[in-house]
Amino acid sequence: MMNLVQQLDVYLGKILKYALLIIVNSVVMLMVLQIILRYFLHMPMKSIEELLVIPVIYLYFLGTINATRTDNHISARLLDVFCKTERQIAILRLISAILAIIVSGWFVYLSCDLLNYSLRMGKSSMILGYPMLLIEILPLISFLLMFFYYVAEVYKYLNIVRVKS
């Protein structure tokens with residue numbers, strides 16, 4: 001079972017890596033296109049500004065998943081300075097991961113509400129008319145994956161605490 005989870009994690013990591021690369025490049029290309037159209041050809045296109053919203057939001061949420069997956073998210077581990085043993089540090093990080101599960105679980109709940117609202121309203125963007133569901137489904141996916149990665153982190157720190165005791 002654990003081998004399957006690890007394989008899914010590796011597969012998801014590859015998907016995230018390439019998706020983030022494609023999205024960053026698309027944002028850059030759209031920005032360059034907007035600059036060329038606006039300042040050199042004097043033909044501003046408002047649709048590009050609205051179109052940029054999609055990859056930027058995808059970049060943000062996929063980046064949060066990737067940061068949680070690789071444990072590279074921003075953290076100020078100030079209390080680690082006062083810990084004398086690896087076990088004490090693991091206990092602090094275990095508490096932090098449990099709190100992260102609670103918070104991400106709450107965000108999953110809220111993003112489910114957002115998704116239900118979006119499905120009920122059938123919202124679409126102002127200029128291009130794409131369904132807002134394309135954007136409003138991302139928080140649910142992101143927070144669900146973050147929730148599961150924090151569960152894995154709790155499992156990891158539980159094992160460290162158990163071994164170091």
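## Close-up views of a predicted model

At 24% relative accessibility, Arg 69 counts as partly exposed. Here buried means under 20% relative accessible area, exposed over 50%, and partly exposed in between (1.4 Å probe, protein chains only). The model is predicted: local features need pLDDT of at least 70, side-chain atom pairs count only at pLDDT 80 or more, and totals for chains, interfaces and linings use all residues. Residues are numbered from 1 along each chain as its sequence is written, and side-chain values use heavy atoms, with hydrogens and water left out.

**View 1. Arg 69 and Asp 9 form a salt bridge.** A salt bridge is a side-chain nitrogen of Lys or Arg within 4 Å of a carboxyl oxygen of Asp or Glu. By this rule the count comes to three. In this view the N to O distance is 3.0 Å. The pair links distant parts of the chain: Arg 69 lies in helix H2 (residues 46-70) and Asp 9 in helix H1 (residues 2-40), 60 residues apart. Helices (H or I, at least four residues) are DSSP runs, numbered from the N terminus. Asp 9 has a relative accessible area of 26%, so it is partly exposed.

**View 2. Glu 49 pairs with Arg 38 in a salt bridge.** The closest N and O atoms are 2.8 Å apart. Glu 49 belongs to helix H2 and Arg 38 to helix H1; 11 residues separate them, and the pair links distant parts of the chain. Glu 49 is partly exposed at 38% relative accessibility. Arg 38 is partly exposed too, at 29%.

**View 3. Lys 123 meets Glu 136 in a salt bridge.** Their closest N and O atoms are 2.8 Å apart. Lys 123 sits in the loop between H3 and H4, Glu 136 in helix H4, 13 residues apart. Lys 123 is partly exposed, because its relative accessibility is 29%. Glu 136 is buried, because its relative accessible area is 9%.

**View 4. Helix H3 covers residues 86-121.** H3 has 36 residues. From first C-alpha to last it reaches 51 Å, close to the 52 Å expected at 1.5 Å a residue. The expected span is 1.5 Å times one less than the number of residues. Just after H3, Gly 122 takes a positive phi of about 60 degrees.

View 5. Among the buried residues of H3 are Ala 90, Leu 94, Ile 101, Val 108 and Leu 115. Ser 104, Ser 111 and Ser 118 are also buried.

Key
Helices (H or I, at least four residues) and strands (E, at least two) are DSSP runs, numbered from the N terminus.
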